[in-house]
Amino acid sequence: MYLNRVHRTFPKLKKVVTRLHSQVAIIEENEYTETPQYPPILDMSLEAKKLREREALHKKIQDINTVEEKQIALNMPRYYGWKCIMLHEDKVPYNALPLVQYYTRSHFVSIDKLPEVYNETGASAETISQEIKSQVEEAIAIENDGIDRNFTPSLESSSLKSEASLKEDAISKCIIRQINRIIFNNLTDKVPHILSSQVDYDARHEAFWFIGGVKPPASIRNFRKQFKWLHDKIEEPVDRPVQYIGTPMLTIRNRSPLKPLIPYSEAENPAFKVPIFHHLPRSVGYYDHHRHGTNIPGFWPGDYDEFGLMSYHGRGHILDRKESFGPEDNLEALHCQALKASFGWLLSQANYQGFTTFNDITYPLVTQTIITNGQYWSLYAYQLNTIVMHNDKFDSNPKHNICFGTNPLKLYDCIENGNVKGFNEEVLKMLIQFYLNAPEDREHEMKPYLGKEEQVVADIEDDNRRCWLESRYKHLVANRPKHLLIPETYLWEDIYKIKFKTRFFEAKRRPFELGINPFRRRLDEHLPPYIPKVLRPYPRSKKKFETTYYPKV
């Protein structure tokens, strides 16, 4: 009784007594050891402390069980979203290939024929190409000349793309669907994986990651100049969030992944060189935008067909590029489009396997990318070997991704009187080899960082937690604007209050005057929905707000 009174009166004394009891128990249990045991010697510098904090955060994200919760955890530090560098599939500025290779850590190999992995399907592809050649020629002729199209672009799309670009993409989409239908119908009874594969049209592909080694923007440099202890770190590289957004015309996916193009051990080959690009992305033509980071490979978590085999993309954006860019830069623009589309799709697939930009993949992923306008075809085979590229691992990670790609190949010369002239069977053969490339099951663990019983939110038994996480995840990836606008610093405030400080006599009410950065607000820093008294559980409960189930990171 006396101890309880003391504990209630002096709560700190209870902590001290409890700590002493635990220390005594540890000493009695481990009083003697065969070898001396010393506590680890930690580096107590500011950089080392911050590094240990980041590593602890990465470990917490790795230990989360479900895919959706990992994606929520990636966005937890920012309530208004990250200031992402936007990489759109069909927007390629001039001379953007070095930046795209650096941001995707991709080594590009220009080839005239497919890699050696496809050699075993060469004979079968040649036989099939002879069988479907006439059908493909007929489909191309009908889509180009046999259909009278009244093309009327929408107001939204016409403001971004020219009418010629939109028309070329519309015809390309029809040709792609017809050729895919012809090849599928011919291979269904010959190749087992074709019948079990799933075809998507105009899928939503998005990917989010961090890239390190980039020069800091002006805002960060100005912030560092305010403090003397940061003067030697003004130009220190920073992590920049990157968001890819693309919409392929047609995709094919399966339950099993494709075979690697090269052994996974070759990912550390020093011959796979990637150009270094430390400059600001704005210097090339890529800009940033506030939004939540999203990883969506065209389907929601829990779908059985979760590995991409092939994706088709249009090349109408080439018609909107300036003539002064020249044919060489237009060729590089196609390579940039393929690198972004391939890396972005595979990265989002890797996120559905439990990996993130902080937790690297343990096996390679492969996809096949086709860029065409119906006449010119560019074929790419991409192998994803690593997705960890932030500052802490940028120099210590020796792995590189690799992409094999061809120059645009001409499928036919022209169409005269409803007939295709100069048809190139070799291009059709290479396309069929992409379809014949069969996926196969892997012997190793495919989802090492996901839970054993709970891998997606749908596996959670608690109804309240499952429904809340599902709703929160769908709202997050929708990227709808908040009910309150993002805080803004007006131009006159930036001039008179921040840069030159000529209005010091006014009352300080704005966030930047009070030392508050609203963009540092966490995702879970908000008031939960209120529960009216009528809807509270019986008997009378004092719980006024609903329970939230954010991951603890």
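Predicted model: local features only at pLDDT ≥ 70, side-chain atom pairs only at ≥ 80, totals over all residues.
Residues are numbered from 1 along each chain as its sequence is written, and side-chain values use heavy atoms, with hydrogens and water left out.

**Loop residues with positive phi**

- N479, a residue other than glycine, has a positive phi near 55 degrees.
- With a relative accessible area of 22%, N479 is partly exposed; buried means under 20% relative accessible area, exposed over 50%, and partly exposed in between (1.4 Å probe, protein chains only).
- N417 is not a glycine either, yet its phi is positive at about 55 degrees.
- The loop between β14 (414–416) and β15 (419–421) holds N417, which counts as exposed because its relative accessibility is 79%.

- Strand β4 (residues 205–214) pairs with β8 in the antiparallel sense over 2 bridges, and E206 stands opposite I296 in β8.
- S348 has its place in helix α11 and counts as buried, because its relative accessibility is 0%.
- S348 touches E206, A207, N295, I296 and P297, not counting residues up to four places away in sequence; contact means heavy atoms within 4.5 Å.
- The C-alpha atoms of S348 and E206 are separated by 6.8 Å, although the two residues are 142 residues apart along the chain.

- Strand β6 (residues 250–254) is mostly covered, with 5 of its 5 residues buried.
- In a regular strand the side chains alternate between the two faces of the sheet.
- Both faces of β6 are covered, with L250, I252 and N254 buried on one side and T251 and R253 buried on the other.
- β6 pairs in the antiparallel sense with strand β3 (residues 198–201) over 4 bridges, where V199 stands opposite I252.
- β6 also runs antiparallel to strand β9 (residues 307–314), joined by 5 bridges; Y312 in β9 is the bridge partner of L250.

**The second largest pocket**

- The second largest pocket holds about 920 Å³ of space. On a 1 Å grid over the protein atoms alone, a pocket is an open set of points where a 1.4 Å probe fits, with protein on both sides within 12 Å along at least five of seven lines, and lining residues have an atom within 4 Å of a point. The volume is the space filled by probe spheres set on the points, which are joined across faces, edges and corners.
- Among the 31 lining residues, D90, K161, L166, D169 and H317 are the closest to the centre of this pocket.
- α7 (155–158), α8 (163–187) and β5 are the elements that give two or more residues to the lining, and α8 gives the most, with 6 residues.
- The lining divides into 9 nonpolar, 9 polar and 13 charged residues. Ala, Val, Leu, Ile, Met, Phe, Trp, Tyr, Cys and Pro count as nonpolar, Asp, Glu, Lys and Arg as charged, and the others, Gly among them, as polar.

Key:
Pairing = 2+ DSSP bridges.
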